[in-house]
Amino acid sequence: MSRSLRALFFAGLATVAATALPARAETVGEVGVDWLGNDIMIDAVSDPKIKGVTCHVTYFDRSVIDRLKNGNWFEDPSNNSIACRQTGPIEIGDIDLSKDGEEVFRAGLSLVWKNLLVTRIYDRTNDTLIYLAHSRELTDGSAKMSITTIPLYGQAVTWQNGKPQ
């Protein structure tokens, strides 16, 4: 394979990989909670398939001192919170309309095992977008979760593939 063809192939592969990834977060706030250096982080996450919706997700970021004190080097607590709001005209792309929904955002809370996830579900009956923040662990699930909704009823919403019936 020629050098230019190989470069084109890898550029295409990178583009496909980038479109398959969930949204990236921008840290917009960091609040210190104690003298050990523990912080509450606030990230802004834009839904990659829905323009005009921004979610703010909070999570606990343990300091090195706290990790040494408690002997748990590898993970942060599963505590989190989410609030999503309309921040512009809503344009909905090709979203998963199943009851399982679609992962919008993922961040690691441990070295390997635990992730903070934001999942989007469309509630057809109530014409509402639901965003669920929760943790996923390899062995034990967590009951700690947070939910927020964006009602679409009465809003000027553009559906890329037409509004589902």
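A residue is called buried under 20% relative accessible area, exposed over 50% and partly exposed in between, with a 1.4 Å probe and protein chains only. By that scale Lys51 is exposed, at 57%. The model is predicted, so local features need pLDDT of at least 70 and side-chain atom pairs count only at pLDDT 80 or more, while totals for chains, interfaces and linings use all residues. Residues are numbered from 1 along each chain as its sequence is written, and side-chain values use heavy atoms, leaving out hydrogens and water.

Let us stay with Lys51 for a moment. Its salt bridge (a side-chain nitrogen of Lys or Arg within 4 Å of a carboxyl oxygen of Asp or Glu) is with Glu91, the closest N and O atoms being 3.9 Å apart. Lys51 sits in strand β3 and Glu91 in strand β4, 40 residues apart; strands here are DSSP runs of E of at least two residues, numbered from the N terminus. Glu91 is partly exposed, at 37%.

A search of the whole structure finds one, formed by Cys55 and Cys84 with their sulfur atoms 2.0 Å apart. Because Cys55 belongs to β3 (residues 50-61) and Cys84 to β4 (residues 80-92), the link ties together parts that are 29 residues apart in sequence. It is right-handed, with 105° about the S-S bond, and both cysteines are buried.

Back to charges: the whole structure holds five salt bridges. In one of them, Lys49 pairs with Glu102 at 2.5 Å between the closest N and O atoms. Lys49 comes from the loop between β2 (39-46) and β3, and Glu102 from strand β5 (residues 102-108), 53 residues apart. Here Lys49 is partly exposed at 33%, whereas Glu102 is buried at 14%.

Another bridge joins Lys163 to Asp127, with 2.9 Å between the closest N and O atoms. Since Lys163 lies in the segment after β9 and Asp127 in the loop between β6 and β7 (128-137), this pair ties together parts 36 residues apart in sequence. Bridges that share partners also join Asp47, Lys49, Glu102 and Arg120 into one network.

Finally, look at the aromatic rings, which pair if their centres lie within 6.5 Å (planes under 30 degrees apart are stacked, over 60 edge-to-face, the rest tilted; for Trp the six-membered ring is used). There is one such pair: Tyr122 and Trp159 are edge-to-face because their centres are 5.2 Å apart and their planes at 70°. Tyr122 lies in strand β6 (residues 114-123) and Trp159 in strand β9 (residues 157-159), 37 residues apart.

Key:
A disulfide is a pair of cysteine sulfur atoms within 2.5 Å. Helices (H or I, at least four residues) and strands (E, at least two) are DSSP runs, numbered from the N terminus.
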